[in-house]
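Have a look at the sequence and structure first, then read on.

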Amino acid sequence: MIRDEYAIGPLEKKHDRSIFSCGSDALDGYLRERASQDAKKRVATIFVLTEASENTVIGYYTLAAGNVDLGEWPPALKKKLPLYPVVPVTLLGRLALDKKYHGKKLGEHILMDALLRCSTVAREIASVAVIVDAIDEKALKFYEHYGFRMFPKQSNRLFLHMQTINEMFEP
Ligand SMILES: CC(C)(COP(=O)(O)OP(=O)(O)OC[C@H]1O[C@@H](n2cnc3c(N)ncnc32)[C@H](O)[C@@H]1OP(=O)(O)O)[C@@H](O)C(=O)NCCC(=O)NCCS
């Protein structure tokens, strides 16, 4: 899925994160200071984008398992869910691209890579939707551009139903 001149894989020691700058101090700081620990403690997996045969990180996203209270879902979707207190989801916790690479469709590429991974994993470990927390209005619009919808009671949390994601990757 990713273009030949780029590579995506799990964060490893060889990856250089020191000059990563996406425009958000929080997302830059997370990659430099917390990502390795989160991966080690198994609370998130971190996938990084590099130029092929380079080790400098130019983008990343994180994934983790989660759940969402039944009462949080929009009524139309809630009606289709079983009456369990919570339902399983996949959290796309963070996604960011170095500023030098913005506007070249690489944001789309890493998002699609993340969604394809979520869809593949969900064939074996059930998940109703992929959830994102948008850090600001711009991020929210980016996710809405790809069909994510807001949770009614939350200002920055959005979801994309797994069935929709599966259909995106159907041959
Ligand atoms: C969000 C981010 C990953 C987008 O990457 P990008 O390379 O600038 O975007 P792309 O070139 O891949 O854009 C792909 C499409 O999304 C659209 N898009 C990008 N940013 C958008 C925004 N803020 N609002 C609406 N649409 C947006 C583009 O117009 C393009 O649309 P098109 O396919 O119709 O032409 C990048 O700007 C970034 O890292 N921002 C800082 C961190 C951040 O906000 N992360 C997300 C929340 S945690």
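Predicted model: local features only at pLDDT ≥ 70, side-chain atom pairs only at ≥ 80, totals over all residues.

Searching the whole structure turns up nine aromatic pairs. One of them is Trp73 with Phe159, an edge-to-face pair with 5.4 Å between centres and 70° between planes.

**Pairs around Phe159**

- The Trp73–Phe159 pair ties together distant parts of the chain, with the two residues 86 apart.
- Trp73 comes from the loop between strand 3 (59-69) and helix 2 (75-78), while Phe159 belongs to strand 7 (residues 157-161).
- Phe159 also pairs with Phe151, and here the geometry is tilted: 5.0 Å centre to centre, with the planes at 50°.
- That angle is called tilted because edge-to-face needs planes over 60 degrees apart and stacked needs them under 30.

**Burial**

- Trp73 has 2% relative accessibility, so it counts as buried.
- Phe159 comes in at 3% relative accessibility and therefore counts as buried.

**An aromatic cluster**

- Phe142, Tyr143, Tyr146 and Phe148 come together as one aromatic cluster.

**Charges over rings**

- Over the face of Tyr30 you'll find Arg94, at 3.8 Å from the ring centre.
- Phe47 has the charged end of Arg117 sitting over its ring, 3.8 Å from the centre.

Note on methods. Residues numbered from 1 in each chain as written. Heavy atoms only, no water. Phe/Tyr/Trp six-rings, centres within 6.5 Å; stacked < 30°, edge-to-face > 60°. Helix = DSSP H or I, 4+ residues; strand = E, 2+ residues; numbered from the N terminus. Buried < 20%, exposed > 50% of the residue type's maximum accessible area, 1.4 Å probe, protein only. Lys NZ or Arg CZ within 6 Å of the ring centre and 35° of its normal.
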